[in-house]
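Work through the exercises below with the sequence and the 3D structure open beside you, and try each task before reading its solution.

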Amino acid sequence: LAALAPTEGKVSINDLVLRATALALRAVPEVNSTWRDGQLAIHRRVHLGLAVAVPDGLVVPVIRDADQKTLLQIAAEAHALAAKARAGKLQLDEIQGSTFTVSNLGMFEVEEFRGLINPPEAGLLAVGAVVEKPVALNGQIALRPRMRVTLAADHRAYSGDVGARFLQTLKRLLEEPLRLAF
């Protein structure tokens, strides 16, 4: 990650997850949808909600057109929005219009959880902590970093196989983080 970090800031695991999620939503557009008043809307633009804990609870600022932004742009915007959220300085337009949300509790050492969908969105990605786990590697046991993610999906909008394709795409992107840099 250090090789990807700009000198004035850092790229976090969360930034990689946000970038990978945006690209996976572009690849599997059915997941980038909302369900409102009995109507399904599949969105062409990826407006990624970023769940941020604040003293009064939770706020979800939006990274607009996240799939069109580089990793460094997403990192800068996510960090700026989170700082504004914690300072209570978000504007109304910065918290409206998300098409999908990412909620990451990894920094709290939570390994796995199930998030609640942010209506009218039809999906949310719950991200747990990165932890070292034993894995089989070339016939040997080795420790490797592992991270659990869970997709909360509104099945009125898309079926489990569509959610599985989204998670499969996300997994492949995260397993090759250098692809996320561009």
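**Exercise 1: a strand and its neighbours**

Leu48 has Phe100 in β7 as its bridge partner. This is a predicted model, in which local features need pLDDT of at least 70, side-chain atom pairs count only at pLDDT 80 or more, and totals for chains, interfaces and linings use all residues. Residues are numbered from 1 along each chain as its sequence is written, and side-chain values use heavy atoms, with hydrogens and water left out.

Task: determine how strand β7 pairs with β3 and with β8.

Solution. Begin with strand β3 (residues 48–50), which pairs with β7 in the parallel sense over 3 bridges; two strands pair if DSSP finds at least two bridges between them. Then turn to strand β8 (residues 123–137), which pairs with β7 in the parallel sense over 4 bridges, and there Ser103 stands opposite Ala126.

**Exercise 2: the two faces of β7**

Solution. In strand β7 (residues 100–104), 5 of 5 residues are buried (under 20% relative accessible area, with exposed over 50% and partly exposed in between, for a 1.4 Å probe and protein chains only).

**Exercise 3: two helices**

Task: describe how α1 packs against α3.

Solution. Helix α1 (residues 13–27) and helix α3 (residues 160–175) pack at about 135°, their axes 9 Å apart. This angle makes α1 oblique to α3, because angles under 35 degrees count as roughly parallel, over 145 as roughly antiparallel, 65 to 115 as roughly perpendicular and the rest as oblique.

Note on methods:
Axes are lines fitted to C-alpha atoms, for helices over the stretch in contact, and angles run from 0 to 180 degrees between N-to-C directions.
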